[in-house]
Amino acid sequence: MGALVLACGDSAEHGRLTSLTERDDVEVRPVPSNPARPDVDPLLAGLSERRLVVAGTDADLAAVVLRLLRKELVDSVTVGFVPVGDSPVADLWNLPSDTGKAVEVALRGDVDPIPLLRDDAGGVLVGLGKIGPTRGVGYCDDTTALRGGVSGIEITPDPTGRHGLVVRVIRRGLLGKRVSEFRGRAFQLGSLPVTPIKDGVAHPRQTQRWTWYRHTSDLRVARGLI
């Protein structure tokens with residue numbers, strides 16, 4: 001089947017990525033960090049017949065997945081990931097820490113669906129979302145997840161796939177840190193102005209309302225060797 005590898009930023013200089021150029025069935029294309037539509041869309045033609053591998057940060061992966069969503073390719077394209085640096089996605093997908101092994105999983109790993117999260121500002125979340133500290137009211141589906149002040153809120157896709165997302169509400173006080181966890185399809189927040197952080201990238205403006213929810217199709221990811 002072959003693979004198209006998008007080497008984001010300086011990722012091509014890490015580990016064994018340079019050896020990918022020696023494989024006949026692998027095409028390596030350098031793209032900028034956080035690649036945008038002009039960088040990614042021209043490379044997606046005929047991609048349903050190949051695997052797509054992103055080498056870079058969680059933010060790079062999210063940027064590429066957003067283009068798959070816009071081009072309606074989420075259902076048909078298998079995505080592999082070779083993380084560079086700290087990566088909540090690597091933890092969620094249970095990827096090996098060794099770059100060479102991560103490359104093999106990305107190229108040959110079995111397909112396993114992971115919920116793809118969207119937000120009401122037109123973005124996606126593939127790893128970790130953060131909000132806070134803030135004060136407000138938040139709901140996970142019909143359950144009240146928070147009311148009042150919190151030290152932080154963390155959101156991830158549910159790696160088991162049984163739920164769309166996992167919400168962790170963090171409170172710190174005299175008795176230490178307390179974490180309340182909720183699982184559901186969507187999380188909605190109304191609060192004092194906050195700046196959501198999505199896969200390590202801050203939203204460009206503050207907002208008083210924010211929603212993350214499960215997309216109708218899961219992301220087809222490579223995260224285990226056959």
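User: How far apart are the C-alpha centres of domain 1 and domain 2?
Analyst: This is a predicted model, where local features need pLDDT of at least 70, side-chain atom pairs count only at pLDDT 80 or more, and totals for chains, interfaces and linings use all residues. Residues are numbered from 1 along each chain as its sequence is written, and side-chain values use heavy atoms, with hydrogens and water left out. The chain splits into domain 1 (3–116 + 218–224) and domain 2 (124–216), with bounds from an automatic or database domain assignment. Their C-alpha centres are 26 Å apart.

User: How much area do domain 1 and domain 2 bury between them?
Analyst: Buried area is the accessible area (1.4 Å probe) that two parts lose on being put together, summed over both. Of the area buried here, 70% is on carbon and sulfur atoms. On the domain 1 side, Leu92, Pro115 and Leu116 lose the most, together 43% of what that side buries. The total for the two domains is about 1,400 Å².

User: Which residue forms a salt bridge with arginine 214?
Analyst: A salt bridge here means a side-chain nitrogen of Lys or Arg within 4 Å of a carboxyl oxygen of Asp or Glu. The count between the two domains is 1. For arginine 214, the closest N and O atoms are 3.1 Å apart, and the partner is aspartate 218.

User: How many residues of domain 2 are in contact with domain 1?
Analyst: Contact means heavy atoms within 4.5 Å. By that rule, domain 1 brings 16 residues, and domain 2 brings 18.
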